[in-house]
Amino acid sequence: MSPTLLKHKGRPVPYIAPWSAEYVPLPRLMVVAGMLAIKGQRRAAGTLWRPWLDKRGAGEPDYGDVHGPRQCMLRMLCQVCGVPVARDQLGWPWLLEAHRGDGVWPEREVTTHPPTCEQCQPVAQAQCRPNRGRFASVRVGQVLADGVYGQLFRPGTPRPVPIGRKRTLYAGDPQLRWMLAGQMAATLLDVTVVDMHTQKPAALRAAAP
């Protein structure tokens with residue numbers, strides 16, 4: 001069964017947005033066997049993940065954060081409605097921040113944002129106020145879920161200490177043992193910029209100032 005698109009005060013709430021009742025106070029971090037650890041929590045694929053509750057719709061939505069377990073990068077679910085996205089001859093539908101002046105963009109773009117179905121792309125573009133008008137609709141032929149995005153720590157007394165800002169690390173990086181991961185990151189390949197409304201290939205244009 002497909003999830004219901006929830007609204008808050010008349011405004012659609014993306015499937016991946018966390019609600020205030022889902023936040024878990026960060027458990028005490030420890031160092032165990034030379035790695036970052038949380039008591040009673042196992043590492044998944046060698047990575048320690050930030051814990052969440054599953055209480056979608058309870059409390060107030062946080063449009064600026066991502067509920068890790070609902071990120072849906074591997075299941076190819078739309079980040080807004082939570083429904084599986086449909087692939088066409090060009091690939092899966094995605095909405096990316098427009099970095100048209102950056103070299104080979106959008107090929108090999110690294111993103112923590114899951115795909116967005118055609119119907120939800122106008123909603124997603126309007127919801128992201130800081131970046132409104134600076135998005136591009138694309139189709140992605142290959143998706144490599146090869147990274148994790150989170151906070152790095154170092155050993156400290158009495159507990160591990162965060163290092164700098166959050167960042168993305170990739171499979172095989174020895175620093176992963178010191179990361180508290182929050183989201184998956186994916187490298188996008190065989191990317192075609194399309195018109196958001198027709199989903200047909202579109203010419204690259206300069207990003208809006």
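How far apart are the mean positions of the positive and negative charges of the protein? In this predicted model, the mean positions of the 27 positive and 15 negative charges are 8 Å apart.

**Figure 1. Overall fold of the predicted model.** The protein contains one helix and 10 strands. Read from the N terminus, its elements follow the order β-β-β-β-β-β-β-α-β-β-β. With a radius of gyration of 18 Å, close to the 17 Å given by the globule rule for 209 residues, the protein is as compact as a globular protein of that length. The C-alpha trace spans about 55 × 40 × 35 Å along its principal axes. Among contacts with a separation of 6 or more, 71% are made by residues 24 or more positions apart.

**Figure 2. Surface and interior of the protein.** The accessible surface comes to about 11,300 Å², and carbon and sulfur atoms contribute 56% of that area. Of the 209 residues, 42% are buried.

**Figure 3. The largest nonpolar core.** In soluble globular proteins, nonpolar side chains tend to be buried together. The largest nonpolar core here has 23 residues, and Cys78, Trp94, Val138 and Leu188 touch the most other members. At least two residues of this core come from each of strand 6 (92–97), strand 8 (135–154) and strand 10 (179–194). Strand 10 gives the largest share, five residues.

Figure 4. Apart from neighbours within four places in sequence, Cys78 is in contact with Tyr15, Cys72, Val83, Val85, Pro115, Thr116, Cys117 and Cys120.

**Figure 5. The cis peptide bond at Pro158.** Most residues other than glycine have a negative phi, and most peptide bonds are trans. Thr157 and Pro158 are joined by a cis peptide bond, with omega about 10°. Pro158 sits in the loop between strand 8 and strand 9 (161–170).

**Figure 6. Lys9 and Met76, two residues with positive phi.** Lys9 is not a glycine, yet its phi is positive, about 55°. The loop between strand 1 (7–8) and strand 2 (11–12) holds Lys9. With a relative accessible area of 77%, Lys9 is over the 50% cut-off and therefore exposed. Met76, also not a glycine, has a positive phi of about 55°. Met76 lies in the loop between strand 5 (48–49) and strand 6. The relative accessibility of Met76 is 12%, under the 20% cut-off, so Met76 counts as buried.

Technical notes: Residues are numbered from 1 along each chain as its sequence is written. This is a predicted model: local features need pLDDT of at least 70, side-chain atom pairs count only at pLDDT 80 or more; totals for chains, interfaces and linings use all residues. Side-chain values use heavy atoms; hydrogens and water are left out. Helices (H or I, at least four residues) and strands (E, at least two) are DSSP runs, numbered from the N terminus. The radius of gyration is taken over C-alpha atoms; the globule rule is 2.2 Å times the number of residues to the power 0.38. Buried means under 20% relative accessible area, exposed over 50%, partly exposed in between (1.4 Å probe, protein chains only). Contact means heavy atoms within 4.5 Å. Accessible areas come from the Shrake-Rupley method with a 1.4 Å probe; for residues, only the protein chains shown count as cover. Lys and Arg count as positive and Asp and Glu as negative; His and the chain ends are not counted. The place of a charge is taken as NZ of Lys, CZ of Arg, CG of Asp or CD of Glu. A nonpolar core is a set of buried Ala, Val, Leu, Ile, Met, Phe, Trp, Tyr and Cys residues joined through side-chain atoms within 4.5 Å.
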